[in-house]
Amino acid sequence: MNVMPRGVLHALAWATLLVMGGIGAWSVVVLQHRDLWHLLLGDRPVMSVLVVGPVLGLATAWGAWWIISRPRLDNVRYTYSEMIGPWMARWTDRWFLSFCAGVGEELLFRGALQHWSGVPLTAFIFVAVHGYLDPRKLPLFIYGLYMTGAMMVFGLVAEAGGLLAPMIAHTLVDVVLLRRLRAEYAGRGSTP
């Protein structure tokens, strides 16, 4: 399998942060006439956000990995580890990509889109865009249902206390899952 050059990986990460996040931030400020700073921080004390974000992220990641570790999802886990594993050898790449996705996607989905479409529909769209809700692939669909529920919780947390906690949670979910998929890939001796 060809390994994506790091420059391409970083360009995709930057695009997620700047394009998706930029569209989200622009929509919030220009189209929705809301205060972006207040949307990010909400009315909650920063310390509570710094607790809720990591707890929510690690709990979601644990649940996601538990589901994807079931024998019925071996093919799904194998497919994703083969797709992601070669690109994620460096922990710095995993963290950078996860941060860009956590901030950019949350700004667009829970920041802007959720304002128009509500929590359940935004969660559904978010998970569907990631390709996890294909009913023809039942094991992946089961994982998608879990992630839809998790994204509804992210949406409720965003409404209650701003986007910072979901951004932290999203980043940690991605870091944990990318690390696990990379470890599984490397454990099979598939390193490039």
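This briefing covers helix packing, aromatic pairs and charges over rings in the structure above. The model is predicted: local features need pLDDT of at least 70, side-chain atom pairs count only at pLDDT 80 or more, and totals for chains, interfaces and linings use all residues. Residues are numbered from 1 along each chain as its sequence is written, and side-chain values use heavy atoms, with hydrogens and water left out.

**Helix packing**

- Helix H6 spans residues 138-161 and helix H7 spans residues 164-187. Helices are DSSP runs (H or I, at least four residues), numbered from the N terminus.
- H6 and H7 pack at about 150°, with axes 9 Å apart. Axes are lines fitted to C-alpha atoms over the stretch in contact, and angles run from 0 to 180 degrees between N-to-C directions.
- The two helices, H6 and H7, are therefore roughly antiparallel (angles over 145 degrees count as such).
- On the H6 side, Tyr143, Phe154, Val157 and Ala158 make the contact (heavy atoms within 4.5 Å). Their partners in H7 are Ala165, Pro166, Ala169, His170, Val173 and Leu177.
- By class, this contact has 9 nonpolar residues, 1 polar and no charged ones. Nonpolar means Ala, Val, Leu, Ile, Met, Phe, Trp, Tyr, Cys and Pro; charged means Asp, Glu, Lys and Arg; the others, Gly among them, are polar.

**Helix H4**

- H4 covers residues 74-84, and its buried residues are Val76, Arg77, Tyr80, Ser81, Glu82 and Ile84. Buried means under 20% relative accessible area (1.4 Å probe, protein chains only).
- The cover over these H4 residues includes helix H3 (46-68), H6 and H7.

**Aromatic pairs**

- The structure holds 4 aromatic pairs. Rings of Phe, Tyr and Trp (its six-membered ring) pair if their centres lie within 6.5 Å; planes over 60 degrees apart count as edge-to-face.
- Phe109 and Phe126 have ring centres 5.0 Å apart and planes at 85°, so they pair edge-to-face. Phe109 is buried at 5% relative accessibility, and Phe126 is buried at 6%.
- Tyr132 and Tyr143 also pair edge-to-face, at 5.2 Å centre to centre and 85° between planes. Tyr132 lies in the loop between helix H5 (91-129) and H6, while Tyr143 is in helix H6, 11 residues apart.
- Tyr132 is buried at 17% relative accessible area, and Tyr143 is buried at 5%.
- Tyr80, Tyr132 and Tyr143 form one aromatic cluster.

**Charges over rings**

- Arg70 lies over the face of Trp66, 4.3 Å from the ring centre. The criterion is NZ of Lys or CZ of Arg within 6 Å of the ring centre and within 35 degrees of the ring normal.
- The charged end of Arg110 sits over the ring of Phe126, 4.6 Å from its centre.

Key
Angles under 35 degrees count as roughly parallel, over 145 as roughly antiparallel, 65 to 115 as roughly perpendicular and the rest as oblique. Rings of Phe, Tyr and Trp (its six-membered ring) pair if their centres lie within 6.5 Å; planes under 30 degrees apart count as stacked, over 60 as edge-to-face and the rest as tilted. Buried means under 20% relative accessible area, exposed over 50%, partly exposed in between (1.4 Å probe, protein chains only).
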